[in-house]
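Work through the exercises below with the model open. Each task is followed by its solution.

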Amino acid sequence: MTATQAGEAELLRGLLKTPPYRKTLALCALVGIPVSLVCFWFLAGLHELQHLLWESLPHALGRDAPPWWWPLPLLLVAGVVVGWVASRLPGAGGHVPAAGLAVGGASTKGLPGVVLAAVASLPLGAVLGPEAPLIALGGGLALLLRDLARGPGTPQASVLMGVAGAAAAISAIFGSPLIAAVLLIEVVGVGGPQLVAVMLPALLSSGLGALVFTGFGRWTGLKTGGLTVKMPEAVPRLDAADVGWGLLLAVVVAVVLRLTVTAGQGVAAFVTRQTVARTALCALGAGVCAAVYALVTGRNPAEVASSGQATMASLVGDPRAWGIGVLVAVLLCKTVAYALCLGCLRGGPIFPALFLGAAAGVLAAPLPGLGVVPAVAAGLAAAGASVLRLPVSSAVMALLLTGSPGMTPVVILATVAALITAELLPMGRGRRVGAEPAGQRA
């Protein structure tokens, strides 16, 4: 053991012996339970409201599916409400999705705005995921519980509690404490004793939270719309064609998604002034994309006006039900709607990006020597890396979603290719996902 390693080990031992850190660690172990319960009901409520608006209500009107114009009034309402929240309530309803996935900066004052903006955005057809509101909700609730328990109020303790709450929320939506741990390792960006000090509370909270979340879901029978993918065929043996096409697909996906995120940042700048009117206009534009898709293909507009988590499962599970024309239409319309929603509504950027990556993989699967499994694995990895710009998290996410360890080489290569492409593009040099101001890190 070198002198540096010995010093770091002694620093960690000293930290573990301090009463404030041990109290914070105990609080973090308890935080995962109430945070996961709140996140469960929050996700279940969003799922039920989406089901009511997009399935039950059209059925009550005598329709098997929503008509083509259905997204227009819903997303117009979403834009008006989110615009009002952003201009009037503390916290502006949460961070703008075009800025990436933020973990730091949890606040108790912004919780009402975060919840209201998420409820107005996600069930009404925003092309965004629930992960960002959940992270804000988990971090804010953790700080609120810390205040109620009169826990340590130092900046370091606040960061640890916020990260623990965010970890419980992330493990809830992705169904795995492993993704939460890996994502936070990359986002927080610390090493040595600092890494252990941050990850111990996060692992405790996310592990306990995952147990509570899973057990409570089985007990109530309610669905929360978690992100899952079921591959339609046995995992093939990788060959040169899989790797070659996978690398090309990764580069294309990275270019398209970085352009999309840049467009979303432009939309965010556009709605900064005259927030309500411009937010409503951009949200209505996303509704137009869904309506055009329904008119052109004759399919459900919800395939565009949604986060894509449920649609992705059916897409990958039964790719033959999607013709080439339909795949091209959903990619074009959902990409434009995604860019608009990134800048004007509230939610997370991950789920729609993963859907677009999976859809691109299904579209590319018929290429000579390629197949659905390696193509989708490469598309998922490239989409995560180009939007999150966190390579390890993106690779782990793609592997866990596909459930195909044999795809590890193509996933890693696609992740690296997409990340390099995204970083080299001029629009890829902006603020890194999850970056926090100096002094907010533990």
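Axes are lines fitted to C-alpha atoms, for helices over the stretch in contact, and angles run from 0 to 180 degrees between N-to-C directions. Helices (H or I, at least four residues) and strands (E, at least two) are DSSP runs, numbered from the N terminus. The model is predicted: local features need pLDDT of at least 70, side-chain atom pairs count only at pLDDT 80 or more, and totals for chains, interfaces and linings use all residues. Residues are numbered from 1 along each chain as its sequence is written, and side-chain values use heavy atoms, with hydrogens and water left out.

**Exercise 1. Describe how α14 and α16 pack.**

Step 1: take the geometry. The axes of α14 and helix α16 (residues 408-424) come within 8 Å. They cross at roughly 35 degrees.

Step 2: list the contacts (heavy atoms within 4.5 Å). From α14, the residues include Pro374, Ala377, Ala381 and Ser386. From α16, they include Val410, Ala414, Thr415 and Leu419.

Step 3: sort them by type. The contact has 12 nonpolar residues, two polar and no charged. Here Ala, Val, Leu, Ile, Met, Phe, Trp, Tyr, Cys and Pro count as nonpolar, Asp, Glu, Lys and Arg as charged, and the others, Gly among them, as polar.

**Exercise 2. Which residues touch the most other members of the largest nonpolar core?**

Step 1: define the set. A nonpolar core joins buried Ala, Val, Leu, Ile, Met, Phe, Trp, Tyr and Cys residues through side-chain atoms within 4.5 Å. Buried means under 20% relative accessible area, exposed over 50%, partly exposed in between (1.4 Å probe, protein chains only).

Step 2: The core holds 115 residues, and Tyr338 and Leu345 touch the most others. Helix α14 (residues 372-388) gives the largest share, 13 residues.

Step 3: inspect Leu345. Beyond its neighbours within four places in sequence, its contacts include Leu75, Val82, Pro97, Leu128 and Ala283.

**Exercise 3. Is Ala364 buried or exposed?**

Step 1: locate Ala364. It lies in helix α13 (residues 350-364).

Step 2: apply the cut-off. Its relative accessible area is 13%, so Ala364 is buried.

Step 3: find its partners. Outside four places in sequence, Ala364 contacts Leu249 and Leu370.

**Exercise 4. Summarise the chain.**

Step 1: count the elements. There are 16 helices and zero strands.

Step 2: check burial. Of 442 residues, 54% are buried.
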